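Reader: Hi, I'm new to this. Could you pick one part of this model and walk me through it closely, and then show me what else is worth a look?

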Amino acid sequence: MNIKVEITRKKIKNIILKVTPDGKVLLSAPMRVPESYLKDFINQKEDWILKKLDEIKNRRKKEITYENGDEIIFLGEKKYLEIINSSFEKVVVKGEKLYIYCLENSTTKDRERIFKNWLKIEITEILRSMTYRLGKMIGYLPNEIRIRDMKTRWGSCISGKKVITYNLQLAFQPLPLIEYIVLHELAHIPFPNHQKEFWNFVEKFIPDWKERRKQLKGK
Ligand SMILES: [Zn+2]
């Protein structure tokens with residue numbers, strides 16, 4: 001396996017293997033476990049490591065050039081772009097393909113505009129229905145939902161006004177991570193700050209919220 005694994009010896013009982021959000025593979029091992037054992041252990045975990053690294057790579061946003069064969073991540077899944085000349089403009093996702101229908105002689109800018117408009121409509125619909133579904137479940141619904149392209153956060157909530165704003169960039173994330181953000185923002189309606197009660201409330205509905213949050217930070 002050509003993966004670099006950083007091994008640290010610690011006073012622990014079990015071997016701990018993890019992949020950090022920035023793609024480092026770290027292994028903590030008890031003092032006395034032989035090197036050969038660790039090698040076998042890593043080999044056995046190869047599939048798992050590769051899967052994790054792949055997930056991280058998928059989540060990193062790539063530049064899109066809007067040419068045939070471009071990789072586009074949509075809801076955490078890799079899609080391949082295909083440009084179709086057409087008399088109308090639309091986007092269709094089917095299996096591993098993402099089709100952009102556009103006029104012949106379309107420029108990169110045209111394709112980008114068609115894609116981004118579509119992306120905004122799609123993610124808005126997903127966020128709206130998810131917010132409604134989860135909001136009903138936990139007993140708190142917002143008065144208003146906004147979608148913006150934001151640089152530093154996935155979402156925000158003005159508790160007093162019950163206004164939730166989501167980041168448009170969520171469209172690139174897998175659904176379970178989007179779900180965590182939606183629940184997180186909804187939980188701010190009863191709990192404006194990140195106090196203990198807030199996290200207890202989140203955990204009631206998403207027990208693995210820590211794992212999901214960690215994955216989001218690896219953006
Ligand atoms: Zn928060």
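Author: Let's start with T165, which is found in strand β10 (residues 163–167); strands are DSSP runs of E with at least two residues, helices are runs of H or I with at least four, and both are numbered from the N terminus. Bear in mind that this is a predicted model, where local features need pLDDT of at least 70 and side-chain atom pairs count only at 80 or more, while totals for chains, interfaces and linings use all residues. Residues are numbered from 1 along each chain as its sequence is written, and side-chain values use heavy atoms, leaving out hydrogens and water.

So why is T165 called buried? Its relative accessibility is 7%, and buried means under 20% relative accessible area, exposed over 50%, and partly exposed in between (1.4 Å probe, protein chains only). Setting aside residues up to four places away in sequence, T165 touches R146, R148, M150, W154, G155 and S156; a contact here is heavy atoms within 4.5 Å.

Now for some rings. Phe, Tyr and Trp rings (six-membered for Trp) pair if their centres lie within 6.5 Å, with planes under 30 degrees apart stacked, over 60 edge-to-face and the rest tilted. That rule gives 9 aromatic pairs. Take Y140 and F201: their centres are 6.2 Å apart and their planes sit at 70°, so they're edge-to-face. Y140 is in the loop between α3 and β8 (144–148) and F201 in helix α5 (residues 196–205), so this pair ties together parts 61 residues apart in sequence. F201 is buried at 10% relative accessibility, whereas Y140, at 32%, is partly exposed.
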